[in-house]
Amino acid sequence: MTHLWVRAEQRPNEERVGLTPEGAAALIKAGIRVTVEESSVRAIGIDGYKAAGCEIAAENLWPQAPADAIIFGLKELPEDGTPLSHRHIMFGHAYKGQPAGQVLLKRFKAGGGTLYDLEYLVNEDGRRVAAFGYWAGYAGAAVSLKCWAAQQRGGIAGPVAKYPGKAALLADLEAELAGFNRPRAIVIGALGRVGTGASDLCAALGVAVTQWDQAETASGGPFPEVLQHEIFLNCILARPGCPVFVPASAKTDARKLTVIGDIACDPTSDFSPIKVYDRVTEWDAPALRVAENPVLDVTAIDNLPSLLPVESSEDYAAQLLASLATLGDLNSGVWGRAAAEYARHSAGL
């Protein structure tokens, strides 16, 4: 019997989950054994999983799970260097040259496990079957506006925290922006899920948005128009051939740009389109100041949907459920393609 083990998230400020109790009930009905770890932080409580018929395990027990269990989580595992023997479904951030990702792949190689990277679960046309994109865009635009509002007050953005829902987030932002003329934003990747979320947040707050997608960026750059907006929201993934939207010279170039929201958030990739920073930012310090006179802040939080953990979990879980139902056949479909991707990237280790 296929055994799916939903682990507790161990990263700070991570309350999302990729399977709801309703989804778990559907998998159990389809003949899949589902174990869910208890969690002190998960946005969706354990009682619903118990009622759905899931087996309940202690928090962070997954290293002792049966060898045939498929471990399902979202974000990073503890960086303790231990070999990974299980099959894991997670966001690995390991296929674009990221240093930490290479360490992760070596752990899988050492333990004989397999990574089924959620970013690389794709259909036959190469399109991702599930993504947190919309809520990443929504939350990323929100944090970027917080950074801009803090600048108007002569400071830098303070810590951010989760919200019970988007209504609370919008109310908070309205209060922060009160008394200021709204900035102008440019969204690159505006037609995708991430860009749609970012544009929707801006529209809800009366922020004018210039929407660019493939047609507007096909020339490959340079793109001086980016520097003529107060806020730039990057909503496209770094990949080979990706144009540079913000060169290193932007720190000293004449510009109106004061906030970069790198929602795609892949600064250590060789293909990053933003060349003024080199590390992610954190919830307790969401803005990284990279220039003065005028200021230029970058915000690049890599688990943005966790600002709205319930909505983002429910949305993502609904998208992914059909694929989880096919876990009995890991050699074909989305899982076969993901396994082949892992094999390709780990072959030279």
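1. Helix α3 (residues 99–111) gives the most to the lining of the second largest pocket: six residues. Helices here are DSSP runs of H or I with at least four residues, strands are E runs of at least two, and both are numbered from the N terminus. On a 1 Å grid over the protein atoms alone, a pocket is an open set of points with protein on both sides within 12 Å along at least five of seven lines; a cavity is a set where a 1.4 Å probe fits but cannot get out; lining residues have an atom within 4 Å of a point.

2. A word on the source. This is a predicted model, where local features need pLDDT of at least 70, side-chain atom pairs count only at pLDDT 80 or more, and totals for chains, interfaces and linings use all residues. Residues are numbered from 1 along each chain as its sequence is written, and side-chain values use heavy atoms, without hydrogens and water.

3. Back to the second largest pocket. Its space is about 600 Å³. Its lining has 27 residues, and E76, E79, H93, A100 and G101 are the closest to its centre. Volume means the space filled by probe spheres set on the grid points, which are joined across faces, edges and corners.

4. The largest pocket holds about 1300 Å³. It has 49 lining residues, with R128, V194, I236, L237 and R239 nearest its centre. Helix α9 (333–346) supplies at least two residues.

5. Next, the classes. Ala, Val, Leu, Ile, Met, Phe, Trp, Tyr, Cys and Pro count as nonpolar; Asp, Glu, Lys and Arg as charged; the others, Gly among them, as polar. The lining of the largest pocket has 25 nonpolar, eleven polar and 13 charged residues. For the second largest pocket the lining has eleven nonpolar, seven polar and nine charged residues.

6. Now the second largest cavity, of about 30 Å³. Its lining includes N234, I236, L237, D262 and C265. By class, that lining has six nonpolar, two polar and two charged residues.

7. Is strand β10 (residues 259–262) buried or exposed? Both faces are covered: V259 and G261 on one side, and I260 and D262 on the other, are all buried. Buried means under 20% relative accessible area, exposed over 50%, and partly exposed in between, with a 1.4 Å probe and protein chains only.

8. Strand β10 also has partners. Two strands pair if DSSP finds at least two bridges between them. Strand β9 (residues 231–234) pairs with β10 in the parallel sense over four bridges; I231 has V259 as its bridge partner. Strand β12 (residues 296–299) runs parallel to β10, joined by three bridges; here I260 has V298 as its partner.
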